[in-house]
Amino acid sequence: MPADTGTGRNLTGLQIERAGWRDVRKLTQLDRRSFKPIDAYAWYEFFALCMSRSVIALKALSADRLIGFIAGDQRRSEGHTIIVTIAVDPDYQRRGIGERLLREVETRSALPRLQLMVRQSNLPALQLYRKLNYDIVDTWRRYYEDGEDAYVMEKSLTPQPPLPT
Ligand SMILES: CC(C)(COP(=O)(O)OP(=O)(O)OC[C@H]1O[C@@H](n2cnc3c(N)ncnc32)[C@H](O)[C@@H]1OP(=O)(O)O)[C@@H](O)C(=O)NCCC(=O)NCCS
């Protein structure tokens, strides 16, 4: 059972904080629990994400337990922030934590466009991105190691100009 005392979507005391190198071991454990082995990152990749000044690396905590993580890499030369990874502990999914993390990166991003890649079969993630108005802009064939295609999704944070009347 999760240690949380809240019920349904009312997770008590959820905190979103910047992740640092001290979190690397817990981030690696979270990743192992949330992703299939083929998609898991190595510990040194989390270390690099947490240490990079261009990366918005955020952890979600409930009662001091690390239950979510997101990393958004602000790539100025490409004009967008890439969501490198997002994961919520399986015991805490469907309680609004993934949505909170993604919205937080959007708020903190210095760049006006967000981009991400997602497996075509990853319905929970696709639903999350659609809910937050990410559009499919491309398909990258055999992007993943096992040959699955990726959708490339984007969201513009700047308001679109009104249509001419
Ligand atoms: C994708 C993921 C981060 C979502 O996190 P979460 O905290 O469970 O998502 P939330 O509770 O914030 O859900 C927000 C919205 O996403 C959609 N969603 C999330 N999980 C869903 C599911 N299992 N089925 C359908 N829709 C889902 C819903 O639209 C939901 O809004 P709603 O609750 O109002 O219907 C989580 O499922 C996860 O960690 N998956 C494994 C790692 C992964 O695949 N990461 C994405 C890589 S691209």
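1. pLDDT is the predictor's confidence in each residue, on a scale from 0 to 100. The structure shown here is a predicted model, and its protein chain has a mean pLDDT of 93, with 94% of the residues reaching 70 or more.

2. One stretch should be read with this in mind: over residues 3-7 the pLDDT stays under 50, and for these residues the model has 10 contacts beyond four places in sequence.

3. Turning to the ligand, 20 residues surround it, and the closest are Gln93, Gly98, Glu99, Gln127 and Leu128. The elements that contribute two or more residues to this shell are strand S4 (80-88), helix H3 (97-108) and helix H4 (123-131), and of the elements H4 gives the most, with 6 residues.

4. As for the make-up of the shell around the ligand, its residues divide by class into 10 nonpolar, 6 polar and 4 charged.

5. A further point concerns the pair formed by helix H1 (residues 24-34) and helix H2 (residues 43-51), whose axes come within 9 Å and cross at roughly 125°. The crossing of H1 and H2 is right-handed.

6. The contact between these two helices is made by Val24, Leu27 and Thr28 on the side of H1, and by Trp43, Phe46, Phe47 and Cys50 on the side of H2. By class, this contact of H1 with H2 has 6 nonpolar residues and 1 polar residue, with no charged residues.

Conventions:
Residues numbered from 1 in each chain as written. Predicted model: local features only at pLDDT ≥ 70, side-chain atom pairs only at ≥ 80, totals over all residues. Contact = placed C-beta atoms within 7 Å. Near = placed C-beta within 6 Å. Helix = DSSP H or I, 4+ residues; strand = E, 2+ residues; numbered from the N terminus. Nonpolar A, V, L, I, M, F, W, Y, C, P; charged D, E, K, R; others polar. Axes fitted to C-alpha atoms, helices over the stretch in contact; angles between N-to-C directions. Left-handed = near helix turned anticlockwise from the far one by under 90°.
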